[in-house]
Amino acid sequence: MKVKVINKSKHALPNYETMFSAGLDIRACVDVPYTLQPLERTLIKTGLFLEIPAGFEAQVRPRSGLALKKGITVLNAPGTIDADYRGEVGVILINLSKQPFVIEDGDRIAQLVFARVEQAEWMITNDLSKTERGQGGFGSTGKN
């Protein structure tokens, strides 16, 4: 899949770090370091503008190392970048730790995963097919 990109940051384009990586690490594009306080959330820009092909989305996901080691995660994970969005990619970060976290220009703050999407076509009906699960939800599977 080819994705058109404008890179207004000072950093190289995101790349896959290993042969089988699903996500591309994206970097902060900030003029000055930003200190994210405990339980604070903020939007961090990346300097990237994408033209995603129709039928795909880009998912903004947390980096597992930041989440485990520092308590920093993507608030609306996964965030969706729609194929018709042309603005700058931003990442909503939240600090779930008890310590302030400094975000520097060029820090790897999240990852992008591209995925196929389908648009649903509603079919109005009065009944749905029966299943063993039925209306059970919110932890109902696996109970004896």
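**Close-up views of a predicted model**

**View 1. The run of elements along the chain.** Taken along the principal axes, the C-alpha atoms fill a box of roughly 55 × 40 × 30 Å.

**View 2. The largest nonpolar core, with its 26 residues.** Start with I52, V91, L93, I103, I109 and L112, which have the most contacts inside this core. At least two core residues come from each of β2 (24-27), β4 (41-51), β5 (56-61), β6 (72-74), β8 (88-95), β9 (101-103) and β10 (108-116). β10 gives the most, with four residues.

**View 3. Zooming in on I103 and its contacts.** Set aside the neighbours within four places in sequence, and I103 still touches A28, V30, P33, Y34, L36, I44, L93 and I109. Two of these partners, L93 and I109, turn up again among the core residues with the most contacts. For the chain as a whole, 73% of the contacts with a separation of 6 or more are between residues 24 or more positions apart.

View 4. About 10500 Å² of the chain is accessible surface, and carbon and sulfur atoms hold 53% of that. As for the inside, 33% of the 144 residues count as buried. Count up the charged side chains and you get 18 positive and 16 negative, with the centres of the two sets 5 Å apart.

Methods: Residues numbered from 1 in each chain as written. Predicted model: local features only at pLDDT ≥ 70, side-chain atom pairs only at ≥ 80, totals over all residues. Heavy atoms only, no water. Core = buried A, V, L, I, M, F, W, Y, C linked by side-chain atoms within 4.5 Å. Buried < 20%, exposed > 50% of the residue type's maximum accessible area, 1.4 Å probe, protein only. Contact = heavy atoms within 4.5 Å. Areas by Shrake-Rupley, 256 points an atom, 1.4 Å probe, with all protein chains shown as cover. Lys, Arg positive; Asp, Glu negative; His and termini not counted. Charge placed at Lys NZ, Arg CZ, Asp CG, Glu CD.
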